[in-house]
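Hi,

Here is the model I promised to pass on.

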Amino acid sequence: MEQIVQLFFNMAILERVGPFLLRGLGMTLLLSLVIVPMGVISGAIVAMLYSLRRRWLNWLLIAYVDFFRAFPPLVLLLFIYGGLPFLGVDLPLFGTVALAFLLNTSSYYGEIFRAGIESIPRGQTEAARSTGLSGWQTMLYVTLPQATRNVLPDLISNTLEVIKLTTLASVVGFSELLNNARNAQALTYNATPIVVAALAYLALLWPLVRLVSRLEHKSIAVR
Amino acid sequence: MLKGIDLAVATGELVFIIGPSGSGKSTLLRCCNLLEEPSSGQVIVDGADIAGGDVDLNRVRQKIGMVFQSFNLYPHMDALGNVTLALRKVQKKTKAESNEIGLRALKRVGLAEKAKSFPNELSGGQQQRVAIARALALEPLVLLFDEPTSALDPELVGSVLKVMRELRESGMTMVVVSHEMGFARAAADRVVFMDHGRILEQGAPQKLFGSPEHARVAEFVAQISRHD
Amino acid sequence: MELQRLAFSFFNADVASRYWPQIVEGFWLTTQLGAAVIVAGIVLGLALALLRAFHFKPANFLIVFFADALRALPPLVVIILLFFALPFVGISMSALMATWLSLSLVLAAFAEEIFWAGILAVPKGQTEAARSTGMTRAQTLMNVVLPQALRLTIPPLTNRMISITKGTALGSVIAVHEIIYHASSGASEAGNPTPLTLGALAYLVLFVPVVIFGRWVETRFAWKR
């Protein structure tokens with residue numbers, strides 16, 4: 001028992017590496033706060049373009065979405081990280097990471113919004129247009145708000161996934177929480193930093209998990 | 001919910017339970033096969049108290065058939081499958097035997113040719129009749145009906161009532177919760193009126209509908225007659 | 001000139017031929033690892049959901065705890081914990097084992113929640129009808145509730161399976177020799193990103209059919225009531 005505490009919950013070590021881990025947590029949150037809004041907006045745009053019902057455009061959009069859903073995010077990240085310099089592009093690490101994650105999450109958000117928009121009955125659009133609203137106004141004021149409310153569980157669930165995704169940035173040396181925890185572990189020969197980081201992720205994400213669970217149950221039952 | 005209920009049903013009787021919504025009619029019916037558990041008291045079926053606790057409830061339920069307001073047919077099986085499921089799994093009969101019994105039950109409700117149809121291919125009245133066949137296949141001692149026609153379009157109600165009348169004629173013991181007063185008048189041996197969880201009055205239909213003792217019953221009957 | 005440079009960097013036939021065999025090896029490993037994760041994860045998830053359907057209070061608490069924790073933790077963190085933290089208490093396992101175990105547990109957690117939601121969604125009347133004909137709880141569950149529940153669970157389940165098997169790439173972080181590991185080290189060694197291109201293509205070959213299949217499944221099971 002004594003040994004377990006020493007190796008996994010060592011207070012002395014925690015004091016030393018605490019600030020370092022906290023900085024990592026800050027970066028994790030910063031990354032999430034950048035990716036999520038951008039992902040949501042680009043996803044919504046993709047879905048709205050889809051509703052224009054242009055054959056060639058839709059084909060392109062589906063290809064884009066399926067391509068980035070098929071690509072493991074880590075592979076995408078490494079590909080961009082390793083390949084961009086050869087294109088002569090020199091992005092700061094944050095930019096590389098953000099770009100890779102954005103391409104990935106916008107396709108997921110796009111799918112979610114698309115399904116949401118398709119689920120709104122034709123009658124809604126017809127009613128709006130018949131009162132003189134333009135196509136875009138209808139989309140903005142009638143269709144999209146309802147669609148968003150319908151797919152809220154999926155949106156929140158995907159946001160949860162994005163925050164978990166930030167851990168991949170550790171693989172290319174980005175100083176988010178997991179990266180700093182692993183470095184601290186290597187320096188101290190002790191598992192405490194990783195355990196504490198894991199607990200931090202649990203504390204941060206558990207409430208979201210519970211929220212998603214509750215919303216999901218309601219939406220499956222309604223089907 | 002239910003207060004001081006003392007009800008006895010004799011073999012071969014058709015007992016009709018009526019009353020306003022919320023009076024506890026369905027609850028009382030569901031106590032009979034212990035889908036609802038009474039907080040005190042006994043439920044005696046064929047001599048044994050099934051609320052007692054040391055009884056094999058599943059075995060007992062084979063002797064009590066139930067027909068629900070919303071049919072509750074299994075959507076992923078055809079009519080014959082619905083009827084024979086319990087025969088195969090609970091009574092452990094062979095497929096051939098079960099199918100034979102199942103078809104006989106379906107024939108009894110007039111739907112033998114629909115054996116291979118799925119619930120979503122049948123009308124409401126047909127679905128309810130399959131549900132009756134499902135209950136009959138186990139050869140129960142008594143059949144419980146929980147508002148069997150309330151979810152049906154008016155024109156389909158007749159087909160279900162016809163089957164119920166035939167069952168009565170063949171001597172089946174039945175307890176029915178329903179609003180079908182015409183049926184009660186014609187076929188019931190005894191009508192029970194419930195209000196606020198109590199049995200207010202019970203007796204032969206002529207008595208209860210014609211000259212009831214309680215004012216509340218008279219009021220209810222008058223209301224219903226206006227719509228009959 | 002630019003296009004030529006692009007081709008030389010990303011589609012270098014010479015470099016490709018050198019690293020191609022390793023990529024293929026990695027492809028088979030990734031495929032097998034993915035399949036192993038799916039089988040273990042779904043079986044465990046279903047078992048847990050069925051166990052939950054029997055309402056044993058203490059077991060329920062543990063199952064919910066497990067499902068919540070493994071859905072909240074990033075998969076990479078789980079892998080790191082199993083591979084780097086456990087050895088401190090004497091439990092050590094191969095990188096491949098750690099990856100398979102982590103991903104299977106994560107998939108099991110998601111699968112359990114999806115199966116459970118499906119079971120809850122089957123109308124109560126179905127259970128009542130089955131019980132009223134004398135069927136036991138187990139018989140009702142297996143013959144009436146589960147078949148209907150499964151139909152509801154297929155779209156979310158396929159999606160989740162796909163996203164978690166893509167996590168096999170995470171194994172490369174602890175040196176599991178799957179596709180991206182070979183692609184990454186090859187690219188570093190050769191000073192040329194062509195191996196990465198090969199790796200990317202290998203993943204596309206593996207997953208694009210799966211995603212298209214997933215799309216088909218979703219449309220087929222969308223309005224099955």
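In which helix of chain C is the place of Leu44(C)? Leu44(C) sits in helix H2 of chain C, residues 13-53. (Helices here are DSSP runs of H or I with at least four residues, strands are runs of E with at least two, and both are numbered from the N terminus.)

Before going further, some housekeeping. This is a predicted model, in which local features need pLDDT of at least 70, side-chain atom pairs count only at pLDDT 80 or more, and totals for chains, interfaces and linings use all residues. Residues are numbered from 1 along each chain as its sequence is written, while chains are lettered from A and ligands numbered from 1 in the order in which they are written.

Back to Leu44(C). Is it buried or partly exposed? Leu44(C) counts as partly exposed because it has 18 C-beta neighbours inside 10 Å. (Buried means 20 or more other C-beta atoms within 10 Å of the residue's own, exposed means 12 or fewer, and partly exposed is in between, with C-beta atoms placed from the backbone.) Leaving aside neighbours within four places in sequence, Leu44(C) is in contact with Ser104(C) and Ala108(C); a contact means that the C-beta atoms, placed from the backbone, lie within 7 Å. The C-alpha atoms of Leu44(C) and Glu112(C) are 7.9 Å apart, though 68 residues separate the two along the chain.

Now for how the chains meet. (Nonpolar covers Ala, Val, Leu, Ile, Met, Phe, Trp, Tyr, Cys and Pro; charged covers Asp, Glu, Lys and Arg; the others, Gly among them, are polar.)

Chains B and C touch through 19 residues from chain B and 15 residues from chain C. Helix H2 (57-61) and helix H3 (79-89) of chain B each supply at least two residues of the chain B side, which has nine nonpolar, six polar and four charged residues. No contact joins chain A and chain B, and their closest C-alpha atoms lie 15 Å apart.

Chain B itself has nine helices and eight strands, and 41% of its 228 residues count as buried. Its mean pLDDT (the predictor's confidence in each residue, from 0 to 100) is 88, with 99% of residues at 70 or more.

E6(B) is worth a look on screen. Five of its five residues are buried, so E6(B) is largely enclosed by the rest of the structure. Thr173(B), Val175(B) and Val177(B) lie on one side, with Met174(B) and Val176(B) on the other. E6(B) pairs in the parallel sense with strand E1 (residues 14-18) of chain B over four bridges, and pairing needs at least two DSSP bridges between the strands. In that pairing, Phe16(B) has Val176(B) as its bridge partner. Strand E5 (residues 142-146) of chain B also pairs with E6(B) in the parallel sense, over five bridges, and there Asp146(B) is partnered by Val177(B).

Cheers

Terms used
Contact = placed C-beta atoms within 7 Å.
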